[in-house]
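I opened my notebook to look up how the chains meet and what lies inside. My entries follow.

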Amino acid sequence: MEQRVATSLIMTLNEKKFIESALLSEIRVDGRRPFDYRTLTITFGSEDGSSEVQLGQTQVIGFVTAQLVQPYRDRPNEGSFSIYTEFSPMADPSFETGRPTDIAIELGRIIDRGLRESRAVDTESLCVISGKLVWSIRIDLHIIDNGGNLVDAANIAALAALSTFRRPECTFGGEDGQQLIIHPPDVREPLPLIIHHLPIAVTFGFIGKENTMVIDPTHYEEAVMGGSMTATLNTNGDVCAIQKAGGEGVPHSVIMQCLRIASVKAADITNKIKNSVESYNTERSLRKVKRHNPSTVVVEFGQQGCGDVAKHHMERLNLGSDESSVISHSDDVELGRKLIENDKMEKRNITAKRFGGGTATWDPYSRGVDGNALRASLASRVATPPEIHKEEPKQEKQNETLSYQQSLVHEVTKIELQTKQPKTLKDAVKPRHKRRNKLMANSSPS
Amino acid sequence: MEAKPSSTSPSTFVDQLVVPGDVILDLSSMANQTIKLGGGLRQDGDSISVMKAGTLRFTKPNKYWVESSHKRYVPSAGDNVLGVVVDTKPENFLVDIKGPALAFLPVLAFEGGTRRNIPKFEVGTLLYVRVVNANTGMNPELSCMDANGKAAEYGVLKEGYMFESSTGLSRTLLSSPPYPVLEALGKKLSFEIAVGINGRFWVNASQSSTVILVGNAILKSESLSLVQQKIYLEKLLKNIQ
């Protein structure tokens with residue numbers, strides 16, 4: 001159908017000519033100079049391992065998840081990671097659902113190569129049991145809006161998401177020290193990935209007869225350019241990967257110039273990512289402090305709940321059994337957790353109704369939605385006897401009825417108490433686990 | 001919605017934000033009157049209701065329509081638009097006007113157009129054209145003549161750069177009194193501009209930097225308030241000198 005012609009980007013001859021002629025006087029259509037990057041904004045979602053990157057008009061969301069799988073035969077003690085791209089037709093009418101287009105595959109490959117070849121992610125630390133169980137990291141990249149230079153934006157989104165991702169901690173426990181325990185995030189702090197360096201992709205476009213070089217091309221410039229080159233570098237200036245696309249040949253000297261510029265830009269972008277990740281982490285730790293606030297009771301029973309969960313794991317999880325049962329089991333836990341969460345929500349609503357006439361500082365709505373508070377008290381809900389259920393609302397009520405200042409003082413003292421309590425417990429437990437872990441790693445057949 | 005009595009006079013809704021489902025007129029209370037409905041409005045028995053979100057507009061004596069800002073354009077007869085030639089057929093040029101379907105520009109729809117002097121347009125030629133016919137289910141029809149069969153200002157636009165905007169921005173660019181940003185820019189700089197109601201505008205000047213400056217200033221001013229626009233322009237124009 002002739003109507004379908006309109007799906008690709010329609011460029012007028014005027015625009016093509018103008019972009020080229022304006023470049024000759026060293027200016028680009030969006031007012032940038034040839035070697036200016038567009039403004040980059042990195043934001044993070046509420047969950048660990050999710051990022052949203054805006055590069056000018058381009059918008060990409062990155063999301064990282066992990067799963068326990070059997071490792072590849074030739075690399076028995078290395079975890080794996082894979083990149084999945086999603087090009088939504090909302091981003092650009094030329095994107096179609098279904099089979100991934102060439103651009104989608106190329107984008108995934110460039111980012112994958114940058115991370116893999118430079119060994120940016122420490123895959124060996126993702127090993128749980130050599131040859132049996134490793135963490136498989138999945139990076140999802142969703143293109144939300146296409147304003148050009150998707151590669152750079154998607155690469156930054158992937159790096160930002162990887163830097164904030166945390167996987168649950170695994171230890172060996174049980175009577176014979178052979179059972180694998182996956183600690184839920186509210187019992188033990190999840191572990192961040194080990195990332196050695198950040199390989200930043202910087203894309204150049206070559207436009208016009210004179211092959212004028214521009215950095216970070218917009219989608220209009222992409223439609224005009226004869227060729228492009230993506231250099232992946234880290235902040236030290238090490239070249240991790242180079243991708244040269246398009247028919248136009250580029251002389252050696254230009255490539256060297258590109259690399260020099262790219263190393264400067266890579267340092268800039270690395271700083272930006274590191275700063276935003278740092279601010280996210282401080283915000284995250286602040287959130288964590290808050291989440292323990294409501295009552296000390298929660299923390300105490302959280303520990304108890306942990307023991308229970310561990311026991312639960314021990315019963316079901318045998319190292320000798322095949323991996324499929326492990327995975328299905330973790331699914332079960334997930335399902336159970338969700339059920340409990342629902343249950344918890346209902347209970348919260350009930351308590352909200354009960355204490356509806358409380359002080360004005362208490363907001364039942366935000367309380368009901370606060371995921372952290374939910375998660376924190378989740379463990380206590382898992383297996384504690386019913387009388388404890390009653391205790392918690394009481395504690396809450398106490399907090400609620402306290403005036404703001406009073407509660408502040410109260411909280412401070414509580415925080416101090418808490419920081420002492422879980423630490424002593426953990427300190428007592430951790431070294432043994434660690435030793436066991438090491439012993440296991442040594443004794444297990446490789 | 002129940003809070004709004006259907007018998008309220010339309011004046012309460014004029015120049016207000018309306019959403020689909022709002023009843024703006026009750027016909028039972030206004031017998032012996034003729035009203036003309038524009039886009040976004042519908043007659044439901046005795047009432048006139050809104051079909052899309054936007055601002056309700058009214059001009060004397062009796063025209064009502066809903067205005068909103070979109071990325072895409074819904075063609076309607078009489079609009080002046082900027083189109084890009086996508087394909088050439090023996091009878092028609094196929095022109096993209098940002099609508100749901102490509103528009104037809106008959107090869108004879110030019111001043112003094114005959115079979116002998118059919119213009120040659122490459123794919124990608126930018127045209128300033130008028131929508132003659134726009135019906136649902138049919139491709140819109142364009143013309144490069146005004147109603148009197150004169151070329152007027154219609155035809156090919158050479159050089160310059162075409163910027164994409166929302167339909168709302170191009171409407172404000174065409175409004176009278178003139179858009180303050182455009183006026184302020186015009187006092188300092190000399191440039192040509194052609195605005196299509198379909199969310200496109202073309203700027204040309206002797207220097208490419210002027211084109212870029214004007215285009216980006218207009219695009220940026222869309223999200224600014226009147227006061228912010230003033231400050232922004234003052235800063236911008238100071239930098240030029």
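**Where the chains meet**

I started with a salt bridge: the side chains of K17(A) and E159(B) meet there, at 3.4 Å from N to O. I kept in mind that this model is predicted.

Next I looked up how many salt bridges the two chains share. The count between chain A and chain B is one. I then checked polar contacts and found five residue pairs between chain A and chain B, both residues at pLDDT 80 or more.

Which helix gives the largest share of the side of chain A that touches chain B? I found helix α1 of chain A, residues 13-24, with seven residues. I sorted that side of chain A by residue type: eleven nonpolar, five polar and five charged.

I also looked up the contact totals. On chain A, 21 residues are in contact with 28 residues of chain B. The size of an interface is often given as the accessible area lost when the parts come together. Here chain A and chain B bury about 1900 Å² between them. Carbon and sulfur atoms hold 61% of that area.

**What lies inside**

I turned to the cores. The largest nonpolar core has 67 residues. Within this core, L115(A), I137(A), I139(A), F204(A) and I273(A) touch the most other members. Helix α3 of chain A, residues 150-164, gives the largest share of this core, eleven residues.

Leaving out residues up to four places away in sequence, I139(A) touches residues including F63(A), F81(A), L115(A) and L162(A).

Last, I noted another core of 34 residues, apart from the largest one. Among its members are V29(A), V214(A), L185(B) and L189(B).

Terms used
Residues are numbered from 1 along each chain as its sequence is written. Chains are lettered from A and ligands numbered from 1 in the order in which they are written. This is a predicted model: local features need pLDDT of at least 70, side-chain atom pairs count only at pLDDT 80 or more; totals for chains, interfaces and linings use all residues. Side-chain values use heavy atoms; hydrogens and water are left out. Contact means heavy atoms within 4.5 Å. Buried area is the accessible area (1.4 Å probe) that two parts lose on being put together, summed over both. A salt bridge is a side-chain nitrogen of Lys or Arg within 4 Å of a carboxyl oxygen of Asp or Glu. A polar contact is a pair of N or O atoms within 3.5 Å; within protein, one must be able to donate a hydrogen and the other to accept it, and residues adjacent in sequence count only if both atoms are side-chain atoms. Helices (H or I, at least four residues) and strands (E, at least two) are DSSP runs, numbered from the N terminus. Ala, Val, Leu, Ile, Met, Phe, Trp, Tyr, Cys and Pro count as nonpolar, Asp, Glu, Lys and Arg as charged, and the others, Gly among them, as polar. A nonpolar core is a set of buried Ala, Val, Leu, Ile, Met, Phe, Trp, Tyr and Cys residues joined through side-chain atoms within 4.5 Å. Buried means under 20% relative accessible area, exposed over 50%, partly exposed in between (1.4 Å probe, protein chains only).
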